[in-house]
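Biologist: I would like to learn how to read the features of a model like this one. Please take them one at a time.

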Amino acid sequence: MNMSGTSTANSKPRESAAPNQVMIENFSFAPATITVKAGTKVTWINHDDVPHTVDENDKRFRSGTMDTDDQYSYTFTSPGTFNYFCALHPKMTGQVIVK
Amino acid sequence: MSDKKKEIPEDQAMQRRSFLKCMAWAGAGVLWVMNAGVLSSCSLLHAGSRRGKFSFVQISDSHIGFNKEPNPDATKTFAEAVNHVNSLPETPAFLIHTGDISHLSKPEQFDTAAQILKGAKSSQVYFTPGEHDTFSDDGKLYLERFGKNTQGNGWQSFDYDGVHFIGLVNVLNLKQGSGTGLGGSGLGQLGQDQLAWLEKDVKGLSSSTPIVVFAHIPLWTIYPEWGWGTDDSAQALSFLKRFGSISVLNGHIHQVLQKVEGNVTFHTARSTAFPQPAPGTAPSPGPLKDVPADKVRTLLGLTEVTYVNNETPLALVDSTLA
């Protein structure tokens, strides 16, 4: 997923996301959609200076509070599409596709 | 009346800033006066002569635990707000906290807020939660601490001196929303159970009963792109439209905005912790950070509401902490 379009003038210098990592920056998940193989551990890192969460729509996983620089990981054991959002800012959405 | 103002002009804020310098972050506020069903506000500096049947104060978005720019100490500014309330010439009948008591729903953050509120001269405080109070455990800890005598997820109503107050909860069961077609709007929501309760709650009331509704997320759509609105608020307001005077008090957006629509006056309060940008004026609703330290308190504050009498409006005065 190409992330180059998501940075803004105010963002911190972007770290290039490692594979299977999702950056939380400027009130968005990047990449917004990530495709992984079953058994993969995906890690979210909050680079914003406000807290966020990663909540799967049907509560299949919930990160709890992620303050600045906090990380959350979840291992996807079976194929499927997992839509998630930030419980504090529900306009922030993302998707993990597990093949 | 000439001294009523929706917003305090910058030059006045400047005067107040130098005048109240030693008060540091302790707020003035906006006093709300309800006249003929319309809320109007004026600076607390002009509020000394206002007398009504009773007054109450709305405080909001204390975000205890927040410690970043532009306010390294949200506990201190909240304490200053409470001190400010205590310094009002007339002790308010009660306080209403419209949510985001804590920044991260942590027990110690709730403890700190409760401790500071114990110092308020008005011992009665009504609460409604913000999403920051409920997001990690669906509001369980909030309800234990602040939800006594409430129903459902924390909704409630009570009467004071002929005015019917309704506290609604619109921060639970939030659904994602971004045009992804997954059914959510990303807005606040009340839910069917609460709406059914509300309809029943107001059924027996005379239409001349003044109504005050409070909830965290605005009950009118301010800026859906940032989730600043409530999905099913229209249904809630439909149960209230027969009443002659309806005042809706919200928090969440950390700034004063006001709208009058028919018999309904909508008002949002400042935060006691940090200001947020005006709708759509920034890439995200994150805290306004580029605020000089000596100006932050002009953007924080509280709301004092004076109820004048049954035929005339509430008076609302929004005070800043400058």
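**Reading the model**

Modeller: Start with the open sheet of 6 strands in chain B, whose order is β6-β7-β8-β9-β11-β10, with mixed pairing. Strands pair if DSSP finds at least two bridges between them; strands (E, at least two residues) and helices (H or I, at least four) are DSSP runs, numbered from the N terminus. The model is predicted: local features need pLDDT of at least 70 and side-chain atom pairs count only at pLDDT 80 or more, while totals for chains, interfaces and linings use all residues. Residues are numbered from 1 along each chain as its sequence is written, and chains are lettered from A and ligands numbered from 1 in the order in which they are written.

Biologist: How do strands β8 and β9 of chain B run?

Modeller: Strand β8 (residues 211–214) and strand β9 (residues 246–250) of chain B run parallel, joined by 4 bridges. B:Val213 in this pairing stands opposite B:Val248 in β9(B).

Biologist: How do I check the length of helix α2 of chain B?

Modeller: The expected span of a helix is 1.5 Å times one less than its number of residues. Helix α2 (residues 74–86) of chain B has 13 residues and should therefore span 18 Å; its end C-alpha atoms are 18 Å apart, which agrees.

Biologist: How many residues of α2(B) are buried?

Modeller: A residue is buried if 20 or more other C-beta atoms, placed from the backbone, lie within 10 Å of its own, exposed if 12 or fewer, and partly exposed in between. In α2(B), 10 of the 13 residues are buried, including B:Phe78, B:Val82 and B:Val85.

Biologist: What does the secondary structure of chain A come to?

Modeller: Chain A has 0 helices and 8 strands. Of its 99 residues, 34% count as buried.

Biologist: Why does A:Asn46 count as buried?

Modeller: A:Asn46 is buried because 23 other C-beta atoms lie within 10 Å. A:Asn46 lies in strand β4 (residues 40–46) of chain A.

Biologist: How many residues does each chain give to the contact between them?

Modeller: The contact takes 21 residues from chain A and 21 residues from chain B.

Key. Two residues are in contact if their C-beta atoms, placed from the backbone, lie within 7 Å.
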